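Hi,

Here is the structure I promised to pass on. Have a look at it first, and my notes follow below.

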Amino acid sequence: MIMSFTKKRIFLDVQRRAKMKAVVVEKAGAGVDNMGIREVPDPEVGNGEVRVAVQACGINYRDLKMREAGGYPHSRGDYIPGSDVVGVVEQVGPGVSRFQPGDQVVICPSLSCGRCEACLSGRDSFCPDFRVL
């Protein structure tokens, strides 16, 4: 699977092709009838972005809650769940110096400032700037 991510989008791919296959939640509700596997455009890796060949991906409680609600607050219609990922960097975009193709990575979708009292005490989820990819 291939995953391309930024702070605003997450894409999953089963095979590397011009288009990728993804599980897509098409409407609110807990049933499998509300999801489907479809081909979606293969994302280009842009400035500051990384594409990861996914070896394992988890669906967490946030994905389940958003499936019931019909999407993430920032989503515009259908959305692709899954954000907790283990994989290998496939491609890096301009401006990326921390990662190289072939690097093994674990993606934690939680973002925090790293400087506030909560972050410095190991309680990142209490950071005033806490957000999720």
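To start with the fold: what pattern does the protein chain follow when read along the sequence? The answer is β-β-β-β-β-α-β-β-β-α-β, with two helices and nine strands in the chain. Helices (H or I, at least four residues) and strands (E, at least two) are DSSP runs, numbered from the N terminus.

Before the details, a word on the source. This is a predicted model, in which local features need pLDDT of at least 70 and side-chain atom pairs count only at pLDDT 80 or more, while totals for chains, interfaces and linings use all residues. Residues are numbered from 1 along each chain as its sequence is written, and side-chain values use heavy atoms, with hydrogens and water left out.

Now the chain as a whole. Of its 133 residues, 38% count as buried; that means under 20% relative accessible area, with exposed being over 50% and partly exposed in between (1.4 Å probe, protein chains only). The chain exposes about 8,200 Å², and carbon and sulfur atoms supply 53% of that area (Shrake-Rupley method with a 1.4 Å probe; for residues, only the protein chains shown count as cover). Among contacts (heavy atoms within 4.5 Å) with a separation of 6 or more, 51% are between residues 24 or more positions apart.

The count of salt bridges (a side-chain nitrogen of Lys or Arg within 4 Å of a carboxyl oxygen of Asp or Glu) comes to one. The side chains of Glu-90 and Arg-51 form a salt bridge, at 2.6 Å from N to O. Glu-90 sits in strand β6 (residues 84–92) and Arg-51 in strand β5, so the pair ties together parts that are 39 residues apart in sequence. Arg-51 is buried, at 7% relative accessible area, whereas Glu-90 is partly exposed, at 28%.

Gln-91 also belongs to strand β6 and is partly exposed, with 33% relative accessibility. Leaving aside residues up to four places away in sequence, Gln-91 touches Val-45, Val-50 and Arg-51. Its C-alpha atom is 10.0 Å from that of Asp-103, twelve residues apart along the chain.

Finally, have a look at the loop between β4 (35–41) and β5 (50–58), where Glu-49 is found. Is Glu-49 buried or exposed? At 10% relative accessibility, Glu-49 counts as buried. A polar atom of the Glu-49 side chain lies 2.6 Å from the backbone nitrogen of Gly-46.

Best wishes

Definitions and conventions: Polar contact = N/O pair within 3.5 Å; in protein donor to acceptor, adjacent residues only side chain to side chain.
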